[in-house]
Amino acid sequence: MADSAEKTTRTGDRRDPRVLIAADKFKGSLTAVEVAERVTAGLRRVAPAAVVESLPVADGGDGTVDAAVAAGFERREVRVAGPLGDEVTAAFALRGDTAVVEMAEASGLQRLPAGTFAPLTASTYGSGELLRAALDAGARTIVFGVGGSATTDGGAGMLAALGARFLDADGERVAPGGAALGGMVTADLSGLDDRLSSVDLVLASDVDNPLTGPKGAPAVYGPQKGASPDDVVVLDAALAHFTAVLEKAIGSRAAECAAAPGAGAAGGIGYGALAVGARFRPGIEVMLDVLGFAPALDRVDLVITGEGSLDEQTLHGKAPAGVAAAARAAGKEVVAVCGRLALPPEALGRAGIRRAYPLTDVEPDIAKCIADAGPILERVAENIGRDFLI
């Protein structure tokens, strides 16, 4: 989403500064698009001659479709099953024969009623319907962003929506959700959508957990979805059983996929995607490619990235770290905006971020920072303008 990106003016021999805003959302306060708008407004108050271009980014989790649409993709909406089976309107993004599908649109925590969790029964069926809609739209490459899920079903629901059949001892389809997989006897993948074999399915995630075990989906992420310790045990055993039954259908690849990086992403939906031929890539790397980050980077002098909280998690595959690494490799200077800063200057420097500007530098009251993030972010951006653009 360029703003006067082609217009370069000069004062004497000095070119006006050119800035790229490539930030993720401030979760719960501002979307990535709103972050870019607010930073732009603040910069322009102190450096009106600056040429500002914005490219909202995401790492595969919630907000990924919005980032693609902001970069010029077309938003497509379809009716699919939510995590509890009720029908919801979900979106994917399409440009040419490339689609960006975000599993959280169909199967995310955002689709559950406030205060409601369903760790044992929530299903990814709607995510499979979204993938099918992308195939119907002519997609030949599908970036499948996973994160923010309400589910821990190993992608079984998704595969069922794409034509797989999972049956119990009575020959009946197993019930939705991860827990029911413990009673599965037969996996029949013969009915899977034929188009899956010819599409480039890219699993985009910021986590590299395996499917099961101490670092697996139930143990690490189940509690975030309302799973009790007993639920975690049930889900881990059910997903291990799911793998064993799938092994009868697809051979040793079932176990290999379960141990592969990304299998545990989004309640194990990564496993289901890998089992049907997806290739795993860190979400931010994929999205930077899809969004056209490299050519945008060539046009600017300063990059502003950021997200709601800059902390240890940021350094492990989150959007700001990916943006900073790519910008540093191109010799560009990077600063970051955030709501909360929990990284020392040395860690920021190692990540390629020269300086971070948290909202709390302007407004120490965290509650106010969350409630009034937009205006406060504009004031933060004014400080960046004074420090780097004047």
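## Report on a predicted model

Of the protein's 390 residues, 55% count as buried. The model is a predicted one. Its secondary structure comprises 15 helices and 15 strands.

The overall dimensions can be checked against a simple rule. A compact globule with 390 residues would have a radius of gyration near 21 Å, and the protein, at 22 Å, agrees with that. The C-alpha trace spans about 80 × 45 × 35 Å along the principal axes. Among contacts between residues at least 6 apart in sequence, 71% join residues at least 24 apart.

Values for the whole protein are collected below.

| Property | Value |
|---|---|
| Radius of gyration | 22 Å |
| Accessible surface | about 15,600 Å² |
| Distance between mean positions of positive and negative charges | 6 Å |

Carbon and sulfur atoms account for 50% of the accessible surface. The charges number 37 positive and 51 negative.

Helix 15 covers residues 373–388, 16 residues in total. From its first C-alpha to its last, helix 15 reaches 22 Å, close to the 22 Å expected at 1.5 Å a residue. Its buried residues are Ala373, Gly374, Ile376, Leu377, Glu378, Val380, Ala381, Glu382, Ile384 and Gly385. In an α-helix there are 3.6 residues a turn, so residues three or four places apart point the same way. The buried residues of helix 15 are covered by elements including helix 1 (32–46), helix 14 (366–371), strand 13 (302–310), strand 14 (333–341) and strand 15 (355–358).

Key. Residues are numbered from 1 along each chain as its sequence is written. This is a predicted model: local features need pLDDT of at least 70, side-chain atom pairs count only at pLDDT 80 or more; totals for chains, interfaces and linings use all residues. Side-chain values use heavy atoms; hydrogens and water are left out. Helices (H or I, at least four residues) and strands (E, at least two) are DSSP runs, numbered from the N terminus. The radius of gyration is taken over C-alpha atoms; the globule rule is 2.2 Å times the number of residues to the power 0.38. Buried means under 20% relative accessible area, exposed over 50%, partly exposed in between (1.4 Å probe, protein chains only). Contact means heavy atoms within 4.5 Å. Accessible areas come from the Shrake-Rupley method with a 1.4 Å probe; for residues, only the protein chains shown count as cover. Lys and Arg count as positive and Asp and Glu as negative; His and the chain ends are not counted. The place of a charge is taken as NZ of Lys, CZ of Arg, CG of Asp or CD of Glu. The expected span of a helix is 1.5 Å times one less than its number of residues.
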